[in-house]
Amino acid sequence: MPLETVSENRSFGGTQGVYRHASEATGTDMTFAVYLPPAAKAGPVPVLWYLSGLTCTHENAMTKAGAQEHAAREGMALIFPDTSPRGDGVADDDAYDLGQGAGFYVDATQKPWAPHFRMWDYVTRDLPRVVFDAFPLRRDAQGITGHSMGGHGALTMAMTMPDTYRSVSAFAPIANPTESEWGRKQLTAYLGEDRTKWAAHDTTLLMAERGFPGDILIDQGSSDQFYDLLRPQALADAMAARRQASVMRLQDGYDHSYFFVQSFMGDHIRWHAERLRGN
């Protein structure tokens with residue numbers, strides 16, 4: 001697939017690039033960002049996928065998370081996908097939490113979303129095919145993380161595809177969307193009224209059903225203004241019941257913003273680097 005370079009900038013000895021391609025999954029042009037550390041000059045490096053939250057694009061974490069310095073130090077590439085398909089012919093909604101910018105990392109089956117809103121397929125199949133052809137990345141050393149809606153996506157993808165994602169973490173994930181207004185609305189719109197089809201996209205339910213073969217790192221701010229919508233306690237209870245190896249940290253005084261994310265980004269990148277180096 002042809003890959004268009006939108007921009008490339010030097011960053012901590014590596015390269016922060018933004019690229020565009022025609023997506024088979026969404027049927028639209030999609031923009032994404034890749035950070036290559038200095039170590040990529042010598043050969044393929046481990047890769048960390050970062051999935052962003054509601055209203056975000058590829059740019060939010062790329063510019064606000066403070067991730068590049070840590071990734072350069074650990075010799076890890078970063079990939080920042082967009083959060084939904086976009087364009088004049090793509091369905092949208094006036095609400096910030098549905099439609100463009102709010103893909104929820106599912107493959108929609110309902111009108112008017114089904115033709116383009118296939119973000120699960122895009123992140124797990126379509127975009128990997130593009131980036132592994134274009135950049136020096138290790139297929140056998142992939143981790144995944146994300147914030148809020150992106151934390152939901154990261155955890156559900158990792159538990160569903162543990163052979164692909166060897167490490168997983170999350171920042172304030174939407175942990176139990178089938179029981180939250182940040183979830184029931186979107187899952188109904190994208191997947192329909194049948195709640196059995198929602199379960200594959202609920203971290204708490206997946207934890208109870210299968211868990212993750214490795215350990216998990218989750219950071220949650222104690223002053224998060226969306227705490228009740230995120231339902232972290234439900235996930236904590238499910239992890240405890242399953243005896244899932246995990247570190248779930250309630251960070252005192254932190255909210256839901258990127259100030260929270262950047263404060264602990266270094267911890268997360270080191271976490272993934274330690275677990276991917278040995279693969």
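In what order do the 9 strands of the open sheet stand? I started my notes with that, keeping in mind that the model is predicted.

**Entry 1**

I read off the order as 1-2-3-5-4-6-7-8-9, and I noted that the pairing is mixed. I then looked at the edges, where I found strand 1 (3-11) and strand 9. Each of these two has a single partner strand, so one side of each is left without a neighbour in the sheet.

Strand 1 and strand 2 run antiparallel, and 8 bridges join them. As one example I picked S7, and its bridge partner in strand 2 is V18.

**Entry 2: helix 8**

I went on to what lies against the sheet. Helix 8 packs on it and touches strand 8 and strand 9. The direction of helix 8 makes about 150° with that of strand 9.

Which residues of helix 8 are buried? In this helix, residues 232-242, I listed P232, A234, L235, A238 and M239. Seen down the helix axis, these buried residues fall within an arc of 160°, so they line one face of helix 8. On the face turned away from the buried side I found the exposed residues A240 and A241.

I then asked what the buried residues of helix 8 pack against. I wrote down helix 4 (149-160), helix 6 (203-209) and helix 7 (227-230), along with strand 8 (216-221) and strand 9 (246-251). Just after helix 8 I checked the backbone of R243, which takes a positive phi of about 60°.

**Entry 3: S23**

S23 sits between strand 2 (14-22) and strand 3 (29-36). Is S23 buried or exposed? Its relative accessibility is 6%. The cut-off for buried is under 20%, so S23 counts as buried.

I looked at the polar atoms around its side chain. A polar atom of the S23 side chain lies 3.1 Å from the backbone nitrogen of T26. The side chain of S23 also makes a polar contact with the side chain of D126, at 2.5 Å.

Finally I listed what S23 touches, leaving out residues up to four places away in sequence. The list is T28, M30, Y122 and D126. I marked D126 in my notes as a residue that S23 touches and whose side chain has a polar contact with the side chain of S23.

Note on methods: Residues numbered from 1 in each chain as written. Predicted model: local features only at pLDDT ≥ 70, side-chain atom pairs only at ≥ 80, totals over all residues. Heavy atoms only, no water. Buried < 20%, exposed > 50% of the residue type's maximum accessible area, 1.4 Å probe, protein only. Helix = DSSP H or I, 4+ residues; strand = E, 2+ residues; numbered from the N terminus. Arc of directions from axis to C-beta. Contact = heavy atoms within 4.5 Å. Polar contact = N/O pair within 3.5 Å; in protein donor to acceptor, adjacent residues only side chain to side chain. Pairing = 2+ DSSP bridges. Axes fitted to C-alpha atoms, helices over the stretch in contact; angles between N-to-C directions.
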